[in-house]
Amino acid sequence: MSIDNGIKRSFEIADDGMQGIVGYFHYVKACQNIAEQSEIIKKLPSNQNRILNEFERAIKITYEWERKYDPTELCQTMQKVFLSHHARIALISLISIFEGALKNFINRLLKIKKIRNHKHDGYKKRLRWVFDIVKESKYGPNSMINRIPSLCLNVDHARRVRNLWMHNNGLFNEKYGTDGISINGLQPITVSEYKTFLDDKSKLICFILNPEAFKDFSFSHIELLHQLHDIIQKFFFGQTESYNYEIEHKKIEWNRLLGEI
């Protein structure tokens, strides 16, 4: 048996997409480091319909509505929160691409009757399916194989972090700590701020993501995607050779990853 091109195509799209986000993350972070606030203010949106002074501009938020804002205040606030906000937006995008790949893998395997439709609805259920499969993987050196449980824990942690942002304005809640998936007897990841929240649930404590944590999350998603693709091709299709662009010394083609036309 040989490699399944449908699975391979979904893998390549997701792999390129997530690496594109990593490139975008570093590029925007570098731009922000050297950008002059006065030049940023000049480029920020201004009202199209009437003349306002420099400190009373407006941003269109729908086709009909606009809201006044202070561009200096926007810059000052962004300066304070940029790293965590930038990391948050990048991680949400990364998870969406990873989740899309899982849907595509499962749909392909269902279509060709390699698996049965046993309730793959919902990201958490799909992750359980992934974690159960990749635990049998022998892809890569021992360091990669031994890291698989940590990858799974980290990817599941990212899911729960995303849920905080999407459903609770980034604030800790009890579900963050109770909704995790255990891996090989290892307990789900929680951060120390969660214990602070449990000690006094009246406090509003927000999950703050820093760039180093984003890099850790991105490494985990990309590496787990490679583990999953390899084990699917080998287990379901009998493929014997593994895919490894590091061994092949393949350079990143940014024009392709970032969708240059």
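## Helices and one residue in them

Helices are DSSP runs of H or I with at least four residues, and they are numbered from the N terminus. The model described here is a predicted one. Within it, alanine 213 lies in helix α8, and this alanine 213 is partly exposed because its relative accessible area is 25%, a value between the limits of 20% for buried and 50% for exposed. Alanine 213 and isoleucine 115 are 98 residues apart along the chain, and their C-alpha atoms are separated by 35 Å.

## Aromatic pairs

A pair of aromatic rings is described by the distance of the centres and the angle of the planes. The structure holds 8 aromatic pairs. In one of them, phenylalanine 172 and tyrosine 194 have ring centres 6.3 Å apart and planes at 45 degrees, so the pair is tilted. This pair links distant parts of the chain, since phenylalanine 172 is in the loop between α5 (142-167) and α6 (174-178), while tyrosine 194 is in helix α7 (residues 192-199), 22 residues apart. Both phenylalanine 172 and tyrosine 194 are buried.

The rings of phenylalanine 235 and phenylalanine 236 have centres 4.9 Å apart and planes at 90 degrees, so this pair is edge-to-face. Are these two residues buried or exposed? Phenylalanine 235 is exposed, because its relative accessible area is 64%, whereas phenylalanine 236 counts as buried because its relative accessibility is 10%.

Which residues do ring pairs link into a cluster? The cluster is made of Trp165, Phe172, Tyr176, Tyr194, Phe197 and Phe207.

Two arginines are placed over rings that belong to this cluster. The charged end of arginine 88 sits over the ring of tryptophan 165, at 6.0 Å from the ring centre, and arginine 160 lies over the face of tyrosine 176, at 5.3 Å from the centre of that ring.

## A nonpolar patch on the surface

On the surface, Tyr24, Ile252, Trp254 and Leu258 form a nonpolar patch, and together they have about 410 Å² of accessible area. Isoleucine 252, one of these residues, is found in the loop between α8 (211-237) and α9 (254-257). Isoleucine 252 counts as partly exposed because its relative accessibility is 36%.

## Cysteines

A disulfide is a covalent bond between the sulfur atoms of two cysteines. How many disulfides does a search of the whole structure find? The search finds 0 disulfides. As for individual cysteines, cysteine 152 is buried, because its relative accessible area is 1%, while cysteine 206 is partly exposed, with a relative accessible area of 32%.

## Positive phi angles

Where is lysine 113 found? This residue lies in the loop between α3 (71-111) and α4 (123-134), and lysine 113 has a positive phi of about 60 degrees although it is not a glycine. Because its relative accessibility is 72%, lysine 113 counts as exposed.

Asparagine 169 has a phi near 60 degrees, which is a positive value in a residue other than glycine. The place of asparagine 169 is in the loop between α5 and α6, and asparagine 169 is exposed because its relative accessible area is 66%.

Terms used:
Residues are numbered from 1 along each chain as its sequence is written. This is a predicted model: local features need pLDDT of at least 70, side-chain atom pairs count only at pLDDT 80 or more; totals for chains, interfaces and linings use all residues. Side-chain values use heavy atoms; hydrogens and water are left out. Patches are made of residues with over 30% relative accessible area and no salt bridge: like charges are joined within 9 Å, nonpolar side chains (Val, Leu, Ile, Met, Phe, Trp, Tyr) within 5 Å. Accessible areas come from the Shrake-Rupley method with a 1.4 Å probe; for residues, only the protein chains shown count as cover. A salt bridge is a side-chain nitrogen of Lys or Arg within 4 Å of a carboxyl oxygen of Asp or Glu. Helices (H or I, at least four residues) and strands (E, at least two) are DSSP runs, numbered from the N terminus. Buried means under 20% relative accessible area, exposed over 50%, partly exposed in between (1.4 Å probe, protein chains only). A disulfide is a pair of cysteine sulfur atoms within 2.5 Å. Rings of Phe, Tyr and Trp (its six-membered ring) pair if their centres lie within 6.5 Å; planes under 30 degrees apart count as stacked, over 60 as edge-to-face and the rest as tilted. A charge sits over a ring if NZ of Lys or CZ of Arg is within 6 Å of the ring centre and within 35 degrees of the ring normal.
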